[in-house]
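Here is a friendly briefing to read with the model open beside you. Shall we take a look?

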Amino acid sequence: MPSTLLSDQPGFTPMIARLVGMMTYTRETTLEAVQGWTPEELDLIPDGHANSAGMLLAHMAAVERIYQLISDGHPDPDGALEAHHWPGLNLGQQGRAEIRGRPLRHYLEALAQVRAGTLALLAARDDAWLDQPLPLWGDTGNRHFMWFHVFEDEINHRGQLRLLRRHQPGHQGLGTTGAWLEPLRDGLGVRCRMVHKGSPAEQAGLRGGDEIVAIDGADVRDTLFHELRLGAAPGVSSTYRVRRASGELDLTVTRVARPG
């Protein structure tokens, strides 16, 4: 989980640093909403919904990409937007026809690639650039508002992802281990951030700071963290191979029902 302290960050001017902090936190909550989803789950469009989860993730990447072009002053952002982003930007019938059958890794990598471009752009600019008034949507705006809009739009669609999750039987009634797991580095691998007191994870011996190198025998060191399907029903056990300074050991944790 990224920091909840919006403050200075190396490589960014002060206001841009805080903007990046907000965007980073928003993205983490977006990815948590689709943790471990299958292609079939990503493609599902339930009655009453216009978009699949895959379409919404593609839309987030496309919106961020076109605002890179707009905020950087490109004379023709529509013409410069890469063809593969248009179905996600347009959504509708084009999105429903073309954004299908893709694994979660496809969307994770697309979002990460676009975000890397955003961070490079913002690192090369300063707060005066961010605040400079310029025409926007038939009025006067600035780049600060543009980038606010990018993550505000993502938050809106993250809410839709959470609604779609309610239509996924495999994500209902999940138990808890009481361990807070997170990526180890650069979106890869698994680390235990903390364990809740009295939880199954604590009782099994899992500790905050543990690197988890395998889950149920599958090596996860080079796996994208958000690809991993970590949830399961109460009573289901998982064995975590944990790496510590003293060596590696296997810890088996059995999920319990969530409180309330």
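Trp137 is exposed, at a relative accessible area of 57%, where exposed means over 50%, buried under 20% and partly exposed in between (1.4 Å probe, protein chains only). This is a predicted model, in which local features need pLDDT of at least 70 and side-chain atom pairs count only at pLDDT 80 or more, while totals for chains, interfaces and linings use all residues. Residues are numbered from 1 along each chain as its sequence is written, and side-chain values use heavy atoms, with hydrogens and water left out.

- Most residues other than glycine have a negative phi.
- You will find Trp137 in the loop between strand 1 (133-136) and strand 2 (139-142); helices (H or I, at least four residues) and strands (E, at least two) are DSSP runs, numbered from the N terminus.
- Leu91 is not a glycine either, and its phi is positive at about 55°.
- The loop between helix 5 (86-90) and helix 6 (92-98) holds Leu91.
- Leu91 is buried, with a relative accessible area of 12%.

**Helix 1 with helix 9**

- Two packed helices are described by the angle between their axes and the distance between the axes.
- Helix 1 (residues 14-33) packs against helix 9 (residues 143-165) at an angle of about 15°, and their axes are 9 Å apart; axes are lines fitted to C-alpha atoms, for helices over the stretch in contact, and angles run from 0 to 180 degrees between N-to-C directions.
- Helix 1 is therefore roughly parallel to helix 9 (angles under 35 degrees count as roughly parallel, over 145 as roughly antiparallel, 65 to 115 as roughly perpendicular and the rest as oblique).
- The crossing of helix 1 and helix 9 is left-handed, meaning that the near helix is turned anticlockwise from the far one by less than a right angle; clockwise would be right-handed.
- Residues in this contact (heavy atoms within 4.5 Å) include Met15, Leu19 and Met22 of helix 1 and Trp147, Phe148 and Phe151 of helix 9.
- The contact residues of helix 1 and helix 9 comprise 10 nonpolar, four polar and six charged; Ala, Val, Leu, Ile, Met, Phe, Trp, Tyr, Cys and Pro count as nonpolar, Asp, Glu, Lys and Arg as charged, and the others, Gly among them, as polar.

**Helix 3 with helix 7**

- Helix 3 (residues 53-71) and helix 7 (residues 104-123) pack at about 20°, with 10 Å between their axes.
- Helix 3 and helix 7 are therefore roughly parallel to each other, and their crossing is left-handed.
- Among the residues that meet here are Gly54, Leu57 and Ala58 in helix 3 and Leu104, Tyr107 and Ala110 in helix 7.
- The contact of helix 3 with helix 7 has 10 nonpolar, five polar and three charged residues.

**Strand pairing**

- Strand 3 (residues 179-182) pairs with strand 4 (residues 190-195) in the antiparallel sense over four bridges; pairing requires that DSSP finds at least two bridges between the strands.
- Ala179 has Val195 in strand 4 as its bridge partner.
- Strand 4 also pairs with strand 5 (residues 211-215), antiparallel over two bridges, and here Val190 stands opposite Ile212.

**Around Arg96**

- Arg96 sits in helix 6 and counts as partly exposed, at 31% relative accessibility.
- Leaving aside residues up to four places away in sequence, Arg96 touches Ile45, Ala50 and Met55.
- Arg96 and Ser52 are 44 residues apart along the chain, and their C-alpha atoms are separated by 7.8 Å.
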